[in-house]
Each structure stands twice: as C-alpha cells, then as structure tokens.
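The sequence and the structure come first.

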Amino acid sequence: MPPMPPPLPPKPPSRGIGDIPIKVVYLLGAVLATVLAVVLVFVVFSGDVPDNNQPTEQVVRVAPLPTSATPTVAPSPTATESPIVLPPVPESKAYKNLSGTASAVTSTIRDNKVGISYPRLGSPWKARSYPPYSVAQRIGKVEMPFTLIASAMYPGESPEKKPDSDADYREIATQAVRWSIRTQYPKGATVEWTASRKVPLGKGWTLGYKVTYTNGGKQEVAQALMSIIEVGKTKPAMLMASIPEPNKERWRDLNTLAQRVRPL
C-alpha cells in the first residue's frame, strides 16, 4: 500500500486594510499625491502654452544715451550763467550753398509728435531716440560739440499769444539760437549769421549761422540751422541742425534741410 501524501498547509487567513504595513500605506499615498499634482499643473496652465502658429514679434531695442550727453532744454540762463549775446539778426538774408557734398535723402521723417516733416539723410547719418528731442539724426560720438539734426517743440515757454508775423517767428528763432549756443557748444562760442528767411511752406522762420568756439585748445567752427515752424499751436515746432568742423563735408546738408522742412 503506497504511502499517504503529506497534508496541505493550512490556508492563510485573509488580510484587511488594517493588516497592510503602515510604510506601504505612506508610500502609496505619496505616489498618488504626486500623480495628482502633475495632472493638476497641466489642467490649470494648459491655456498658457504659446501658439506656435502666430508670427514672432520683432522688437527693436534702442540703447539709452549717457545721461551726461543729454542736452538741457532750459531756455533761460541761470544766475551763474552769462547771457548769450548775439549780433543783430538781418531781416532777410539768402541761404547760400554751403561747401561739401549733400547726403542722399533716403526718405522723409514725419515727426507727428512735433508736427513737421523733413528729410531723412543717408549714411553716415543715423536716426535714433535722443531725448529731449522727438527725433534726431546724428554722426559720430555723442559729445559736445554735437553733430546733430533734431526736431522738438520750441524749448522756451509758450508765447502769451500765438505768433503771427514774420518778425514774431524771427524773434522766436533768435531765442532758440541763443538756447542752442548754450547747450550745443563750449562756453564762449560766438555767432555769425549766414541766413535769415521765411520757411518754404507755411508760417515760420529759418536762421542759418556759423558758430566759432574753442575745443580742446583749438579754434573750430560749425555751421548750423534753426527753423521755427507754426504747427497750429501757441508754441511752434523747432528743427535744429549743427555740423561742427570735423564733419564739414556734410555742411551742404543744411541747405537740404532749409529747403525741405514742412509743417504736417
């Protein structure tokens, strides 16, 4: 008679939740919390995903100019400044063609903030932001004496009433030239008038002037222009240009500006 097989081991008792080790419970809870957190992030921030089908916006940044290079717009001398003495302004003087070669006119600058338009000149002129002016074209370093074409509202206080006559605008242009001598050139600069005429369109006045000054112990000259233009406000607009002797090959550009400045 064959031997009997050994008896089967007893069936282990069933376990309930309370029989699971506490470490396993904590581990499962941590995993579940992590999964829920990831799902929640995707649900909440799904609207922030950029649409790759939209065109990329191109942002052009303009490097700020050094604070020390920004000219002041104070219209009157302070108690410590000497008043700028100018020679009598001629009532009429034609703007003769200056020496040099005129730069190419690449387009027109429409200064909507000020209310005038004038030529945008090609290389080496570069247009950029230049406070306190609305628009400016420059050559070379930002240092006194400046090589600059710039538009802004007249830097002095608004007249009590809107200017009307040629004499009114000529006087305002003279005050603007006085301001430019104080802010654009070394102290002691003197002025010789090269032009005095009405603006080519609308109301206003243009003054041309040669500035003589001492720079680094050496006497130099600059050719400059100041146009004051009526733009429908009590305070007129201003177009100023100054080209010192190191850039004298661009002096003819002043003739271009004088002929083509316009109110909008």
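## Confidence

Residues 35-79 have a pLDDT that stays under 50, and in this stretch the model has 36 contacts beyond four places in sequence. Where pLDDT is low, the predicted coordinates should not be read in detail. The structure is a predicted model, and its average pLDDT over the chain is 79, with 69% of the residues scoring at least 70.

## Overall make-up

The chain holds 3 helices and 10 strands. Read from the N terminus, the order of elements is α-β-β-β-β-β-α-β-β-β-β-α-β. Of the 264 residues, 38% are buried. Among contacts with a separation of 6 or more, 62% are between residues 24 or more positions apart.

## The seven-stranded sheet

Seven strands form an open sheet with antiparallel pairing, in the order β3-β4-β5-β9-β8-β7-β6. Its edges are β3 (126-128) and β6 (190-198), each of which pairs on one side only. From one strand to the next, the twist averages 20°.

Several of the pairings can be given in detail. Strand β7 (residues 204-215) is joined to β8 by 12 bridges and runs antiparallel to it; within this pair, T214 has Q219 of β8 as its bridge partner. Strand β4 (residues 135-138) is antiparallel to β5, with 4 bridges between them, and Q137 stands opposite I149 in β5. On its way across the sheet, β5 also pairs with β9 in the antiparallel sense, over 6 bridges. Here I149 stands opposite A241 in β9. Strand β5 is mostly covered, with 5 of its 6 residues buried.

## The β1-β2 hairpin

Strands β1 (residues 105-111) and β2 (residues 116-121) run antiparallel and are joined by 6 bridges. I109 has Y118 of β2 as its bridge partner. The hairpin has 4 residues between the strands, and G115 takes a positive phi near 105°.

Helix α3 (residues 253-260) lies across β5, β6, β7, β8 and β9, and runs at about 170° to β9.

How many of the 8 residues of α3 are buried? The count is 6, so α3 is largely enclosed by the rest of the structure. The buried residues are D253, L254, N255, T256, L257 and A258.

In soluble globular proteins, nonpolar side chains tend to be buried together. The largest nonpolar core in this model has 32 residues, of which Y133, I181, Y209 and M238 touch the most other members. Elements giving two or more residues to this core are β5, α2, β6, β7, β8 and β9. Helix α2 supplies the largest share, 7 residues.

Another core lies apart from the largest one. This core has 25 residues, among them Y118, W125, V231 and A241.

## S151, a buried serine

S151 is in strand β5. Its relative accessible area is 0%, under the 20% cut-off, so S151 counts as buried. The side chain of S151 makes a polar contact of 2.8 Å with the side chain of Y118. Y118 is also a member of the 25-residue core.

Not counting residues up to four places away in sequence, S151 touches D111, V114, I116, Y118, Y133, S134, V135, M238 and L239. Two of these, Y133 and M238, are among the residues that touch the most other members of the largest core.

## E230, a buried loop residue

E230 is in the loop between β8 (218-229) and β9 (237-244). Is E230 buried or exposed at 17% relative accessibility? Buried means under 20%, so E230 counts as buried.

The side chain of E230 reaches the backbone nitrogen of G232 at 2.7 Å. Leaving aside neighbours within four places in sequence, E230 is in contact with K162, Y169, K203 and P263.

Methods:
Residues numbered from 1 in each chain as written. Predicted model: local features only at pLDDT ≥ 70, side-chain atom pairs only at ≥ 80, totals over all residues. Heavy atoms only, no water. Buried < 20%, exposed > 50% of the residue type's maximum accessible area, 1.4 Å probe, protein only. Polar contact = N/O pair within 3.5 Å; in protein donor to acceptor, adjacent residues only side chain to side chain. Contact = heavy atoms within 4.5 Å. Pairing = 2+ DSSP bridges. Axes fitted to C-alpha atoms, helices over the stretch in contact; angles between N-to-C directions. Core = buried A, V, L, I, M, F, W, Y, C linked by side-chain atoms within 4.5 Å. pLDDT = per-residue confidence, 0-100.
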